[in-house]
Amino acid sequence: MKKFRKARCPHCGNKLTLLRAWAIKTQGEYKCPKCGGYSNIELDPAVHFFAIGAIVLSGLIYLVWMISVKMLSLASIFFIMLPYFIFYLLCFFLVRLRKPAVRRKQPPAGRPQQPSPQRQTQKIYDRRDRRF
C-alpha cells in the first residue's frame, strides 16, 4: 500500500508526524524545520475516491438499517458515522509534500516593456546634443 505513508520533506527526507501532517493539510506551503526548504502541500488524488466511498457506504448503512429496524437509535447513528471516521483517519496518510515548480518570469503579453529611467535620461541628453 504505497499510497498510505507519512508525508516527507522532498528536500531532506524528514518525515512529518501524523498530527503535523493533519495540521498543515489545509495550508498551501510548508517550511521544513530541519533543512529550511519550502514545499507545496497536496492531497493524494485517492482522497476523492475515499470521500465518495464514505458517503456511499454511509448511505447504504442508513438504508439497510431503516429497512430492517425502521428506527434510528444512538447505535445506528454510530454505524452511519463510522465510514466518515475511517475516512478521517485515512486522510492522515494522504498528505503529500512536493517541491515547488520554478517558473521563468515573462513580460506581460500585449504591453511593450517600459525602458529603464536611465535609458530615458540618456535619450533626453542625446536629443539635446543633436540640436547644437
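Reader: Let's start with C91: at 8% relative accessibility, does it count as buried or exposed?
Author: Happy to begin there, with the note that this is a predicted model. The cut-off for buried is under 20% relative accessible area. C91 has a relative accessibility of 8%, so it counts as buried.

Reader: How many disulfides does a search of the whole structure find?
Author: Let's look at C35, which is partly exposed with a relative accessible area of 38%. Its closest cysteine sulfur is in C12, and at 3.8 Å that is too far for a bond, because a disulfide needs the two sulfur atoms within 2.5 Å. The search of the whole structure gives a disulfide count of 0.

Reader: What is the order of the strands in the open sheet?
Author: The sheet is open and has 3 strands with antiparallel pairing. Its edge strands, each pairing on one side only, are β1 (29-31) and β3 (95-98). Neighbouring strands are turned against each other by 40 degrees on average, direction ignored. The strand order is β1-β2-β3.

Reader: Which residue is the bridge partner of Y30 in β2?
Author: β1 and β2 run antiparallel and are joined by 3 bridges. Their hairpin has 6 residues between the strands, and G36 there takes a positive phi near 80 degrees. In β2, Y30 finds its bridge partner in S39.

Reader: And in β3, what is the bridge partner of N40?
Author: Here we turn to β2 and β3, which pair in the antiparallel sense over 4 bridges. L43 stands opposite V95 of β3. For N40, the bridge partner in β3 is R98.

Reader: How far does helix α2 reach from its first C-alpha to its last?
Author: Helix α2 covers residues 46-68, a run of 23 residues. At 1.5 Å a residue, the expected span is 33 Å, and the helix comes close to that. After α2 comes K70, with a positive phi near 65 degrees. From first C-alpha to last, α2 reaches 33 Å.

Reader: Are α2 and α3 roughly parallel or antiparallel to each other?
Author: The two helices pack with their axes 9 Å apart, at an angle of about 170 degrees. Angles over 145 degrees count as roughly antiparallel. That is why α2 and α3 are roughly antiparallel.

Reader: Which residues does S76 touch, not counting those up to four places away in sequence?
Author: S76 sits in helix α3. Its relative accessibility is 1%, so S76 counts as buried. Leaving out residues up to four places away in sequence, S76 touches W65 and M71.

Reader: One more: what distance separates the C-alpha atoms of K6 and F93?
Author: K6 lies in the segment before α1 (18-24), and at 39% relative accessibility it counts as partly exposed. Not counting residues up to four places away in sequence, K6 touches K15, L16 and L18. K6 and F93 are 87 residues apart along the chain, and their C-alpha atoms are separated by 5.5 Å.

Terms used:
Residues are numbered from 1 along each chain as its sequence is written. This is a predicted model: local features need pLDDT of at least 70, side-chain atom pairs count only at pLDDT 80 or more; totals for chains, interfaces and linings use all residues. Side-chain values use heavy atoms; hydrogens and water are left out. The expected span of a helix is 1.5 Å times one less than its number of residues. Buried means under 20% relative accessible area, exposed over 50%, partly exposed in between (1.4 Å probe, protein chains only). Contact means heavy atoms within 4.5 Å. Two strands pair if DSSP finds at least two bridges between them. Axes are lines fitted to C-alpha atoms, for helices over the stretch in contact, and angles run from 0 to 180 degrees between N-to-C directions. Angles under 35 degrees count as roughly parallel, over 145 as roughly antiparallel, 65 to 115 as roughly perpendicular and the rest as oblique.
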